[in-house]
Amino acid sequence: MSLLSPRTRIALTPARVAVASGRDHRDAVVTVPGWAGALETLSALLAGSGLRGRTSVTLSHHFAPVHLLSAPPVALKPLEMQGWIRDTLARQFGEAGRDWRVSWQVEPPGEPFLASSLEPARLAELEGVLRAASLKPVEVQPWLALAWNRQRRRLGRGRAWFALAEPERLTLAGLEAGRVKRLRSIVMQGDAVAALADLLTREALLAGEAAPAPLWVESVLPAVNWQGVGGGRSVHPLAGGREALAALLEN
């Protein structure tokens with residue numbers, strides 16, 4: 001962590017919220033799962049904490065969806081890129097997409113890239129909770145971007161799959177040459193291992209996978225044995241349960 005990095009880090013998921021500052025780490029279950037419940041839980045965690053200043057926030061895919069977009073036809077400056085992403089999302093999801101707060105991963109020209117979106121009303125609500133606790137968000141990012149930046153060297157430059165698992169949602173990225181080439185996120189019900197096995201089978205068929213590539217899994221679900229995904233591929237759990245929640249707080 002650099003000297004300029006925010007000391008306070010926050011992670012928001014529909015089921016659990018965590019706050020860390022230095023060695024102080026606290027988390028709590030969201031009693032009413034969802035955005036409003038997560039903000040209420042965050043407010044309770046921050047009450048009387050004495051925290052001040054800059055903070056970074058990591059958001060579940062439930063709250064900040066991530067999209068895999070094709071590269072624009074020409075090189076764009078950052079402000080132009082922001083407008084181009086908003087136009088692209090508006091074509092896919094409707095005109096409301098033009099108002100979304102967007103961020104993106106910088107990749108070499110011509111390569112597909114990850115972009116995240118956040119509804120402006122949710123951002124305003126989050127800022128209001130933080131402002132009431134004398135905190136200023138200087139970075140709001142999706143879990144996938146944080147995990148990808150932290151793990152991409154470990155994942156290597158071969159073919160692989162990278163999954164994020166959280167309550168009621170799975171996000172699966174297909175990797176080639178060290179870059180994301182496929183991205184799928186689904187609402188999950190029932191057994192998480194079976195759901196990931198089904199999703200991976202479909203995506204592998206669509207990708208024309210000739211041999212089972214390794215699978216890496218980061219999950220905030222408690223006590224899941226991901227080896228059951230099977231399919232003849234090696235499975236590498238990166239973090240699970242509260243350990244993964246702590247990983248959401250890393251920079």
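Contact here means heavy atoms within 4.5 Å. You're looking at a predicted model, where local features need pLDDT of at least 70, side-chain atom pairs count only at pLDDT 80 or more, and totals for chains, interfaces and linings use all residues. Residues are numbered from 1 along each chain as its sequence is written, and side-chain values use heavy atoms, with hydrogens and water left out.

**Exercise 1.** Find what Leu-12 touches, leaving out residues up to four places away in sequence.

*Solution.* Start at Leu-12 and list its contacts: Val-17, Trp-35, Ala-38, Leu-39, Leu-42, Val-57, Thr-58, Leu-59, Ser-60, Phe-63 and Leu-126.

**Exercise 2.** Work out how H1 and H3 pack, and which residues meet.

*Solution.* Step two: get the geometry. The angle is about 15°, and the axes lie 10 Å apart; axes are lines fitted to C-alpha atoms over the stretch in contact, with angles from 0 to 180 degrees between N-to-C directions. H1 and H3 are therefore roughly parallel (under 35 degrees). Step three: check the hand. The H1 and H3 crossing is right-handed, meaning the near helix is turned clockwise from the far one by less than a right angle. Step four: list the partners. From H1 come Trp-35, Leu-39, Leu-42, Ser-43 and Leu-46, and they meet Arg-122, Glu-125, Leu-126, Val-129 and Leu-130 of H3.

Terms used
Helices (H or I, at least four residues) and strands (E, at least two) are DSSP runs, numbered from the N terminus. Angles under 35 degrees count as roughly parallel, over 145 as roughly antiparallel, 65 to 115 as roughly perpendicular and the rest as oblique.
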